[in-house]
Amino acid sequence: MKRKTLFAVLFILLAWAASSCEDLMQCKKCRLVSTDSSTGEVIEDLNETEYCGAGLIAIEATKPKTVGTVTTEYVCR
């Protein structure tokens with residue numbers, strides 16, 4: 001009985017480890033960039049942050065926002 005329990009636990013850990021590696025392949029580094037649309041100059045360029053999985057999907061779905069002549073958007077690579 002102990003052996004079956006050990007195999008079950010090992011199987012679950014292996015399945016978890018295999019699925020967690022998939023998320024690493026779907027990561028991107030994104031940064032928030034603000035540009036002045038009248039001059040094309042970058043006003044603010046924040047540090048890059050790595051996003052994966054659902055967080056990355058949310059960032060990529062975020063549309064650029066314009067206030068006056070300043071447009072702010074996420075740029076991912």
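**Disulfides, fold and surface of a predicted chain**

Colleague: Which cysteine forms a disulfide with Cys-30, with the sulfur atoms 2.0 Å apart?

Modeller: This is a predicted model, in which local features need pLDDT of at least 70 and side-chain atom pairs count only at pLDDT 80 or more, while totals for chains, interfaces and linings use all residues. Residues are numbered from 1 along each chain as its sequence is written, and side-chain values use heavy atoms, with hydrogens and water left out. Taking a disulfide as a pair of cysteine sulfur atoms within 2.5 Å, the partner of Cys-30 is Cys-76.

Colleague: Which strands does the disulfide of Cys-30 and Cys-76 tie together?

Modeller: The sulfur atoms of Cys-30 and Cys-76 lie 2.0 Å apart. Because Cys-30 and Cys-76 sit in two strands, the pair ties together parts that are 46 residues apart in sequence. With strands taken as DSSP runs (E, at least two residues) and helices likewise (H or I, at least four), both numbered from the N terminus, the elements are S1 for Cys-30 and, for Cys-76, S5.

Colleague: Is Cys-30 buried or exposed?

Modeller: Buried means under 20% relative accessible area, exposed over 50%, and partly exposed in between, with a 1.4 Å probe and protein chains only. By that scale Cys-76, at 30%, is partly exposed. Cys-30 has a relative accessibility of 1%, and therefore counts as buried.

Colleague: What is the handedness of the disulfide formed by Cys-27 and Cys-52?

Modeller: Cys-27 and Cys-52 are bonded with their sulfur atoms 1.8 Å apart. Cys-27 belongs to strand S1 (residues 27-36) and Cys-52 to strand S3 (residues 49-52), so this pair links parts 25 residues apart in sequence. Since the torsion about the S-S bond is about 115°, the disulfide is right-handed.

Colleague: What pattern do the disulfides of the protein chain follow?

Modeller: The structure holds 2 disulfides, and the chain that carries them reads α-β-β-β-α-β-β along the sequence. When bonded cysteines are counted along the chain, the disulfide pattern is 1-3, 2-4.

Colleague: What share of contacts between residues at least 6 apart in sequence joins residues at least 24 apart?

Modeller: The chain has 2 helices and 5 strands, and buried residues make up 10% of its 77 residues. With contact meaning heavy atoms within 4.5 Å, the share of those contacts joining residues at least 24 apart is 52%.

Colleague: Where is Val-9 placed?

Modeller: At 43% relative accessibility, Val-9 counts as partly exposed. The helix that holds Val-9 spans residues 2-25 and is named H1.
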